Amino acid sequence: PADRAGLKAGDHILKIDGQLIRNITTQEGVRFFRGPAGKTLKLQVLRSGLVKPLDLNVTLEPLGPAKIKVKMLEDGYVYLRLPYFTDDLPKDLSQELDRLNKQTPPVKGIILDLRNNARGSLENAVRTASLFIGDQKVVSTRGRLQGSEQSYQGSEREQVLKAPLPMVVLVDESTARAAEILAGALHDQSRGLLLGDKTFGLCGLTQVLPLQDGSALLMTVANCYTPGGRKISGEGLKPDVEGKKPPETVEHLTSPAPPPEKDPWVQQAVEVLKKGNFSRLVQQGPGS
């Protein structure tokens, strides 16, 4: 889900329909989240910012196409939200960026929202990054064995934004996998400033190892690194600018996300773009 009222990456599930999950296997837990559309689950979770467990009702729905949200903001800035990655998302985003290229008056800057985006493959991330950075390096993977490093480049043919636009990328503790690869690539190639919270740190190549009893072990065999060499796996990406913290109330953490024009982090991103110092902040890097 792409709003605060849903289950987020980083939430720790304690109970599913009243049953403690510490007493069940991972496979048994996964079965709870399978079934017909409309099936409702009662969850008890621990969420960052809350002292007490949070009770949520989650309704299963088919995972449809990733609908990119585009909204023009004040003074010529545009808001783009990528809810999650699919194989079709790079093509859909390419069309949206092409329309922005032709817009009159020209777009002054982009706010790319990758918050609560925790799906997608390495390939999805590389294809999406190509739209912004062309044939530059997107990510590298490295295993334990010497010489196991692999580097993944973008494609110049797929690049849409030939002339870079000022960009602020919104990230949070639920930004993971392909979204982290994209955020790291945009930052390290000096195309975007990261604003928000430290990302989740879930990115790597996995391999399925069959076991004799018929089960299988899913093992991470390589970790992800940004073009500048920062490790994503297990560490996450630290933003250049921390998102302003609203009062940590239950109402805030469980209410649906506000529209872009009323979102505090979007407003903060607009102010950063207006100041025109995003390039300096990106070059300095987090913590500078």
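1. Helices (H or I, at least four residues) and strands (E, at least two) are taken here as DSSP runs, numbered from the N terminus. The model is a predicted one, so local features need pLDDT of at least 70 and side-chain atom pairs count only at pLDDT 80 or more, while totals for chains, interfaces and linings use all residues. Residues are numbered from 1 along each chain as its sequence is written, and side-chain values use heavy atoms, with hydrogens and water left out.

2. On the backbone, the peptide bond from threonine 104 to proline 105 is cis, with omega near -5°, and proline 105 is found in the loop between helix 2 and strand 7. Helix 2 covers residues 89–101 and strand 7 covers 109–113.

3. As to the chain overall, its secondary structure comes to seven helices and 14 strands. Buried residues (under 20% relative accessible area, with exposed meaning over 50% and partly exposed in between, for a 1.4 Å probe and protein chains only) make up 43% of the 288 residues. Among contacts (heavy atoms within 4.5 Å) between residues at least 6 apart in sequence, 68% join residues at least 24 apart.

4. The largest nonpolar core has 41 residues, and those with the most contacts inside it are Leu82, Leu97, Leu112, Phe132 and Val169; such a core is a set of buried Ala, Val, Leu, Ile, Met, Phe, Trp, Tyr and Cys residues joined through side-chain atoms within 4.5 Å. At least two residues of this core come from each of strand 6 (77–81), helix 2, strand 7, helix 3, strand 8 (137–142), strand 10 (167–171) and helix 4. A second, separate core of 15 residues includes Ile111, Leu170, Leu195 and Val241. Leucine 97, for its part, touches Leu80, Ile110, Leu131, Phe132, Val160 and Leu161, leaving aside residues up to four places away in sequence.

5. Just after helix 4, serine 190 takes a positive phi of about 60°. In helix 3 (residues 122–133) lies serine 130, which counts as buried at 2% relative accessibility and touches Gly154, Ser155, Glu158 and Gln159, again not counting residues up to four places away in sequence.

6. Which cysteines does a disulfide join? Under the criterion of a pair of cysteine sulfur atoms within 2.5 Å, the count comes to one disulfide, joining cysteine 203 to cysteine 224 with an S to S distance of 2.3 Å. Cysteine 203 lies in the loop between strand 11 (193–196) and strand 12 (204–210) and cysteine 224 in strand 13 (residues 216–225), so the pair ties together parts that are 21 residues apart in sequence. The torsion about the S-S bond is about -75°, so the disulfide is left-handed, and both cysteine 203 and cysteine 224 are buried.

7. Two aspartates have a positive phi: that of aspartate 17 is near 50° and that of aspartate 75 is near 60°. Aspartate 17 lies in the loop between strand 1 (12–16) and strand 2 (19–20), whereas aspartate 75 is placed in the loop between strand 5 (69–72) and strand 6. Aspartate 17 counts as partly exposed at 42% relative accessibility, and aspartate 75 is partly exposed with a relative accessible area of 42%.
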